[in-house]
Structures are given as structure tokens and as C-alpha cells.
Amino acid sequence: MTGSTRYAFSGWEEPQTVLGRVGFAPGDVETILVTHMHFDHMGNFEAFPNAKLYVQIEEYLGWSKAVCAAHQMETEEEKAWIFSSFDPEDLIRAAQGVANGRVRFVSGDEEILPGITARLARESHTFGTQWFEVQTRNGPFVVAGDTVYWYSNVEKMWPPGYNQGNSFNQIYTYRTIRQLLKGHTERIVPGHDPDMWQRHTSWATENGNQVAGGQSARGDASRQPKRV
């Protein structure tokens with residue numbers, strides 16, 4: 001993953017290591033839901049050889065234009081903010097994914113898999129950030145990506161300071177999510193909140209990273225390792 005070195009990402013573990021702890025391999029992954037194209041959400045998708053990626057067309061086109069604009073700038077300082085969370089090499093890999101059919105574009109709100117609906121949060125965290133409404137037997141859950149950094153964003157209606165879009169649009173999205181979940185904000189999977197490990201069953205790996213168990217599929221046993 002180039003972003004792990006470019007952006008000094010710490011505690012990195014390979015996909016085969018992470019998935020192996022819950023009984024899967026990278027080749028078992030059939031679908032990747034890309035909330036947005038920042039390096040820590042889009043990077044390294046080629047490690048999952050059989051997966052199709054779902055990306056909002058506005059996100060892809062937005063970053064394509066941003067990269068073109070950056071090349072017209074004269075200094076590295078002028079480009080720094082554009083690439084503060086975006087690895088332009090991911091755009092190259094995504095273009096190849098479009099060519100070989102691995103990247104599938106979503107346009108606005110769309111049910112992309114049974115019970116899973118993509119919701120566009122246009123010009124919020126990024127150009128075409130999306131979040132996912134997931135219907136379960138116990139009601140809807142929200143996989144938010146960086147639409148919701150922390151639970152406090154949606155619980156206090158206070159967007160994070162770092163956006164490459166419009167914070168007011170994030171507030172509108174928080175309202176939509178709150179209405180959908182009827183106040184049950186514990187049903188959100190946020191992008192970067194360590195409080196998730198407190199709100200859900202979780203356990204630490206040998207490397208010190210945390211794994212959380214959310215809603216299991218019907219008939220699927222918990223993936224939490226048994227203590228000996």
C-alpha cells in the first residue's frame with residue numbers, strides 16, 4: 001500500500017493477516033464499498049483480486065479534475081492540500097479498474113446489493129462521498145465512512161474540521177442519518193472513532209489493533225476468537 005509510507009500510516013497489517021483472523025482470505029472478498037477515494041479508504045484495492053468496487057461517479061470525476069488542476073500549479077506547496085489525503089496513483093489504478101470492469105460507478109442513491117443502498121452525500125467530505133444504508137433483521141445500520149468521523153459529529157451535529165467539501169452538506173447528511181436510525185446512533189460504523197471499540201463487542205489483535213464485531217448474518221457465528 002503506497003499510502004502507508006507516503007502518509008506515514010502506522011500499525012499497518014496486510015489484508016491476508018487481518019482477514020485471516022476472522023476466517024477469510026483476500027480472494028474471498030467479492031465486493032468493496034468505497035465511501036470515497038482518500039488513500040486510507042481506496043488504496044490497496046488490488047490486494048483483493050476478485051472484488052468489484054462501487055464508487056460514486058461524482059467522486060471519480062471530481063478527483064480526476066482535481067489532479068488535472070494540480071498539475072497546472074507551480075509549487076509543491078500549492079499542491080499540498082489537494083494531495084493531503086489523496087494519492088494520485090490510486091486514480092491511475094482506479095482507471096485501470098474501470099477498463100477491466102472491476103470498478104463500477106454509482107450515480108446518486110442506488111440499491112447496489114440486496115438490502116444495501118448507497119446514499120450520495122454530494123460535496124460533503126469530498127466530491128462524491130457516499131455512505132451505505134444496510135438493512136438487517138434488527139433494523140437499519142449505517143456504514144458511514146468519513147461522512148461521520150466520530151459519533152460526536154452526528155450526535156452533536158458538529159462536522160470535523162478537515163473536509164475537502166462543504167461542512168453544511170455534512171450537517172444535512174447527519175440529519176438524514178439520525179432520522180433513518182431514529183436516534184440509535186450506536187448503529188453507525190464511523191470512519192475514525194476509537195469509541196466504536198467501546199460501543200461494540202471488540203478484541204485486540206497481537207499487533208495491538210482492534211477488531212469490532214457488529215451485526216452477524218443469520219446463522220453466522222461470532223468471529224471473536226475464543227479465549228484459552
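I took two strands as paired if DSSP finds at least two bridges between them. The model is predicted. With that rule I looked up Glu 111 and found that its bridge partner in E5 is Thr 117.

**Entry 1: the hairpins around E5**

I started from strand E4, residues 110-113, which is joined to E5 by three bridges in the antiparallel sense. The hairpin of E4 and E5 has two residues between the strands, and I noted a positive phi near 80° for Gly 115 there.

E5 and E6 form a hairpin with five residues between them. In that turn I found Glu 123 with a positive phi of about 50°.

Is strand E5 mostly covered or mostly open? I found that E5, residues 116-122, is mostly covered, with five of its seven residues buried.

**Entry 2: the five-stranded sheet**

I placed these strands in an open sheet of five, in the order E4-E5-E6-E7-E8, with mixed pairing. Which strands stand at the edges? They are E4 and strand E8 (188-190); each has a single partner strand, so one side of each is left without a neighbour in the sheet.

Helix H8, residues 167-181, does so, and it touches E5, E6, strand E7 (139-145) and E8. The direction of H8 makes about 160° with that of E7.

**Entry 3: the three-stranded sheet**

I moved on to E1, E2 and E3. These three strands form an open sheet in the order E1-E2-E3, and the pairing is parallel. Strand E1 (31-33) and strand E3 (103-106) are at the edges with a single partner strand each, so one side of each lacks a neighbour in the sheet. For this sheet I noted that neighbouring strands are turned by 25° against each other on average, direction ignored.

I looked up how E1 meets E2. E1 and strand E2 (residues 52-56) pair in the parallel sense over three bridges. I recorded Tyr 54 in E2 as the bridge partner of Leu 33.

Which helix packs on this sheet, touching E2 and E3? I found helix H4, residues 57-70, whose direction makes about 75° with that of E2.

**Entry 4: H4 against H6**

I followed H4 to helix H6, residues 88-99. The two pack at an angle of about 135°, and their axes are 11 Å apart. Angles over 145 degrees count as roughly antiparallel and 65 to 115 as roughly perpendicular, so I logged H4 as oblique to H6. H4 passes H6 in a left-handed crossing.

I then listed the contact. H4 contributes Tyr 60, Trp 63, Ser 64 and Val 67. H6 contributes Leu 91, Ala 94, Ala 95 and Val 98. How do the residues of this contact divide into nonpolar, polar and charged? I recorded seven nonpolar, one polar and no charged.

Definitions and conventions. Residues are numbered from 1 along each chain as its sequence is written. This is a predicted model: local features need pLDDT of at least 70, side-chain atom pairs count only at pLDDT 80 or more; totals for chains, interfaces and linings use all residues. Side-chain values use heavy atoms; hydrogens and water are left out. Helices (H or I, at least four residues) and strands (E, at least two) are DSSP runs, numbered from the N terminus. Axes are lines fitted to C-alpha atoms, for helices over the stretch in contact, and angles run from 0 to 180 degrees between N-to-C directions. Contact means heavy atoms within 4.5 Å. Buried means under 20% relative accessible area, exposed over 50%, partly exposed in between (1.4 Å probe, protein chains only). Angles under 35 degrees count as roughly parallel, over 145 as roughly antiparallel, 65 to 115 as roughly perpendicular and the rest as oblique. A crossing is left-handed if the near helix is turned anticlockwise from the far one by less than a right angle, and right-handed if clockwise. Ala, Val, Leu, Ile, Met, Phe, Trp, Tyr, Cys and Pro count as nonpolar, Asp, Glu, Lys and Arg as charged, and the others, Gly among them, as polar.
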